[in-house]
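Biologist: I would like to learn how to read a protein model. Could we take one feature at a time, starting with how open a side chain is to its surroundings?

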Amino acid sequence: MDEIAPLGADLLDRATLTLQRAFDADPMFTWLFPDARRRARALHGLNRVPLEYGYRYGRVLHTDDGRAVAVWIPPGHVVTPGGLVRSGLLRAAWGMGPGPFVRFMRANASVGHIHETCLPGPHWYLMIIGVDPELQGRGRGTALIRQGLAWADAEELPCYLETSSPDNLRLYERHGFEVVASVSLSGGPTGWAMRRAPGGSA
């Protein structure tokens with residue numbers, strides 16, 4: 001595994017493809033886009049948004065030439081609709097189509113409310129993390145998670161994330177995260193909100 005480093009602009013396209021591939025089988029996106037080819041196109045545009053957001057307001061980390069990537073949002077930077085628009089959300093919406101986009105935004109609003117309720121104070125937010133399927137299970141995701149946890153622990157702050165993948169719950173629990181709330185999306189999968197206390201096991 002290569003050293004963890006900030007993602008450079010030259011690797012942005014590769015990182016976007018990584019997230020597209022990593023989330024292709026995610027329950028949220030198979031619900032939104034049952035057709036595999038349409039899902040690939042939509043995910044490519046949609047997953048560019050958190051990368052751009054991370055460039056503006058957070059820290060974007062990678063390893064293996066962008067084939068494993070994570071976006072951490074530090075305390076003091078709340079994810080806002082305006083920030084998402086500036087990061088390309090409307091462009092992504094065009095590629096998704098009106099129906100899936102509305103369902104996606106409703107799902108985001110549901111988990112966003114949980115985020116505000118569960119952690120109103122300063123914290124680190126793991127906005128997104130993905131590893132190319134060819135490299136999954138080899139410690140890349142763990143390394144990217146641990147880097148963010150180290151920042152949070154140095155400041156004695158909690159961490160927060162959301163997931164709609166049951167398989168990922170166990171991964172995050174191994175790093176000290178606990179489920180604090182869940183929401184069943186109308187006609188779709190369950191989403192979980194997870195919190196890690198400062199100094200939790202990693």
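Modeller: Buried means under 20% relative accessible area, exposed means over 50%, and partly exposed is in between. The model here is predicted. R21 has a relative accessibility of 32%, so R21 counts as partly exposed.

Biologist: Is E52 buried or exposed?

Modeller: E52 is buried, because its relative accessibility is 17%. E52 belongs to helix α4, which covers residues 48-57. Apart from neighbours within four places in sequence, E52 contacts L12 and S87.

Biologist: How should I read a sheet?

Modeller: Strands of a sheet pair through backbone hydrogen bonds, either parallel or antiparallel. In this model, seven strands make an open sheet with mixed pairing, and their order is β1-β2-β3-β4-β5-β7-β6. The edge strands are β1 (5-6) and β6 (177-184), each of which pairs on one side only.

Biologist: In which sense do β4 and β5 pair?

Modeller: Strand β4 (residues 124-131) pairs with strand β5 (residues 159-163) in the parallel sense, over two bridges. Y125 is opposite Y160 in β5.

Biologist: Which strands does helix α1 touch?

Modeller: Helix α1 (residues 12-22) packs on the sheet and touches β3 (68-73) and β4. The direction of α1 makes about 85° with that of β4. Helix α4, where E52 is found, lies across β2 (59-63), β3 and β4 and runs at about 50° to β3.

Biologist: Next, cysteines. How many disulfides does the structure hold?

Modeller: A disulfide is a covalent bond between the sulfur atoms of two cysteines. This structure holds zero disulfides.

Biologist: With which other residue does E134 form a salt bridge?

Modeller: E134 also forms a salt bridge with R67, and the closest N and O atoms are 2.9 Å apart. This pair again links distant parts of the chain, 67 residues apart: R67 is in the loop between β2 and β3, and E134 is in the loop between β4 and α8. R67 counts as partly exposed at 23% relative accessibility.

Biologist: Where do R170 and D167 lie?

Modeller: Both lie in helix α9 (residues 166-174), three residues apart, which is about one turn of the helix. The side chains of R170 and D167 meet in a salt bridge of 3.4 Å, N to O. D167 is exposed, with a relative accessible area of 55%.

Biologist: Which residues are joined into one network?

Modeller: Salt bridges with shared partners join R14, R21, R67, D132 and E134 into one network.

Conventions
Residues are numbered from 1 along each chain as its sequence is written. This is a predicted model: local features need pLDDT of at least 70, side-chain atom pairs count only at pLDDT 80 or more; totals for chains, interfaces and linings use all residues. Side-chain values use heavy atoms; hydrogens and water are left out. Helices (H or I, at least four residues) and strands (E, at least two) are DSSP runs, numbered from the N terminus. Buried means under 20% relative accessible area, exposed over 50%, partly exposed in between (1.4 Å probe, protein chains only). Contact means heavy atoms within 4.5 Å. Two strands pair if DSSP finds at least two bridges between them. Axes are lines fitted to C-alpha atoms, for helices over the stretch in contact, and angles run from 0 to 180 degrees between N-to-C directions. A disulfide is a pair of cysteine sulfur atoms within 2.5 Å. A salt bridge is a side-chain nitrogen of Lys or Arg within 4 Å of a carboxyl oxygen of Asp or Glu.
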